[in-house]
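Here are my notes on the model you sent over. Have it open while you read, and start with the core.

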Amino acid sequence: MSLVRNVSTIGGLTALSRVFGFVRDMLLARVLGAGLAADAFQLAFVLPNTFRRLFAEGAFSVAFVPMYTRALGSDHGDGVAEPFANDVLAVFVWVLLGFSALAMLAMPGIVWVLAREYAGVPGKFELAVSLSRVTFPYLALVSLVAMLSGVLNAHARFAPGAFVPVLLNLTLITGIVTGYVLRQQGGTDITVAWSVAVSVAAAGLLQLIYMAWAVRRAGVRLTLSTPRFTPEVRRLGRLILPATFGAGIYQISQFVDTFFATSLAQGSLTLLKYADRLNQMPLGIVGIALGTAILPMLARHIHSHDEEGAQQLQANAMEIATLLTLPAAAALAVCAPAFVTAFFVGGKMNQAQGDVMAAIVTALVCGLPSYVLVKVFQPAFFSREDTRTPVWIAAAALMINIAINVAIVPTYGIVGLAGATAFTSSLNVAALYAVLHHRGWFRISWRLATRVARQLAATGVMALALWALLPLLQNRYAGTALERALALATLVGAGGAVFLASAWLVGALDKSHLAQLRRKPREASAVNLSE
């Protein structure tokens, strides 16, 4: 129940962020479409955003949080944990400043490596470099945010860290609206791109101010001091290096996808990123919530040598992950044309581009359960300070991904690229589980296997119902705002109702857990925390 409550808190706030992120991309699609300025901004946003997920929210968090949690749970508690966090902060700040400065100086080379084809379009390469230099400081700012969030997560305060992305999306929406107004007064699409790029850096500053306030409000006193490479800081560094790769296969694949997407027709990168927004809705809400909640809880189980509790925690996390992602993936795959047309087509985004984007969504979401299960399986390694094993697995998956892209992207284009990402992510998850099973760290029980099988059955019934309903509302997806809203509400409502009814009938829902959720808070507090 503790896992469910934490996932609910993080997932609810992440859902709010994803809604604003969705609004952000809807506005950007209609204002910029999928042309030169849109591609240049997307590349400029990909760079700091992917590094953020890779280093700050990926490698750093999975290495720092277990170490800080153990220090916090030691006999001396805050007396050990706070000095450790201060030492890490003192070193981390200078590493971030140095990395950001070097990257900004080397930005023409970085952009050329990722998007050399942009040089063939007049002004596109130069715009991408300039915008990337404006957005890249966001990485340093949001990396500090990630550290402060990790400190609060270890104290079981998940809400502030889950809320900060809302600030990013609200600031970007403000930047898009400002750019649109400036364009109406004589500006161009490039004016809009500059406005949004500046808002990225501004958002990082706002997020850092908010998290610093939240940490101080929680009673944690962090101060910036002279850097000291203590044994614990050096140990953290040794864990971060392999974790950078192991925790970030999805993020590293984003760079690979960016490289291939920029070699295709103009607008391909933009369509891929807009399509990923639909994929990120359930991935962010479920995957980030589970990964954030499970890591400190699992670290505590491992630290106290409670292997049974660790197994149960991972089983519950996997059940929650599949229960939420299987129907989400199926619904997005079936209804992609409706969602894309209703949300994105209009303004500078035409129907032909929308059709391509819908195909990309269908390919991407085939790997949605795998994207989320990575967040469930990897903490089993990281909580035991094994960051090497995921490295080798991730390396193999990435090499396969690149090989598949080389083979199929020339023929199947951007859709083939999305499909390769989904396929190799599934291979990554299968390999992670195989190692966990072999080492006895986590094994899928018969009860869990049958529960997932029932979830698949309920998902299949829902997919058939949506497939039958989809053409009946065909004329509404591109209609007025009210017609679009009603059509999508009908699809979502019908799909949800059919899945819940089917899941209840076939036993895909754990009725004992549902009963516990309906209890009064006083009764629920008596439930075993490992459930």
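1. F377 touches M318, V429, L432, Y433, L436 and F442, leaving aside residues up to four places away in sequence; contact here means heavy atoms within 4.5 Å. Keep in mind that this is a predicted model, with local features needing pLDDT of at least 70, side-chain atom pairs counting only at pLDDT 80 or more, and totals for chains, interfaces and linings using all residues. Numbering runs from 1 along each chain as its sequence is written, and side-chain values use heavy atoms, with hydrogens and water left out.

2. F377 also belongs to the largest nonpolar core, which has 150 residues; F377, F41, F64, Y68 and L491 touch the most other members. A core here is a set of buried (under 20% relative accessible area, 1.4 Å probe, protein chains only) Ala, Val, Leu, Ile, Met, Phe, Trp, Tyr and Cys residues joined through side-chain atoms within 4.5 Å. The most residues, 17, come from α12.

3. Now look at α12 (residues 307–343) against α13 (residues 351–365): they pack at about 170°, axes 8 Å apart. That makes the pair roughly antiparallel (angles over 145 degrees). Among the α12 residues in this contact are L332, P337 and V340, which with others meet a set in α13 including M357 and V361.

4. Back to L491: it is one of the buried residues in α17, along with R484, L488 and F499, among others. Just after α17, G507 takes a positive phi of about 80°.

Terms used. Axes are lines fitted to C-alpha atoms, for helices over the stretch in contact, and angles run from 0 to 180 degrees between N-to-C directions. Helices (H or I, at least four residues) and strands (E, at least two) are DSSP runs, numbered from the N terminus. Angles under 35 degrees count as roughly parallel, over 145 as roughly antiparallel, 65 to 115 as roughly perpendicular and the rest as oblique. Buried means under 20% relative accessible area, exposed over 50%, partly exposed in between (1.4 Å probe, protein chains only).
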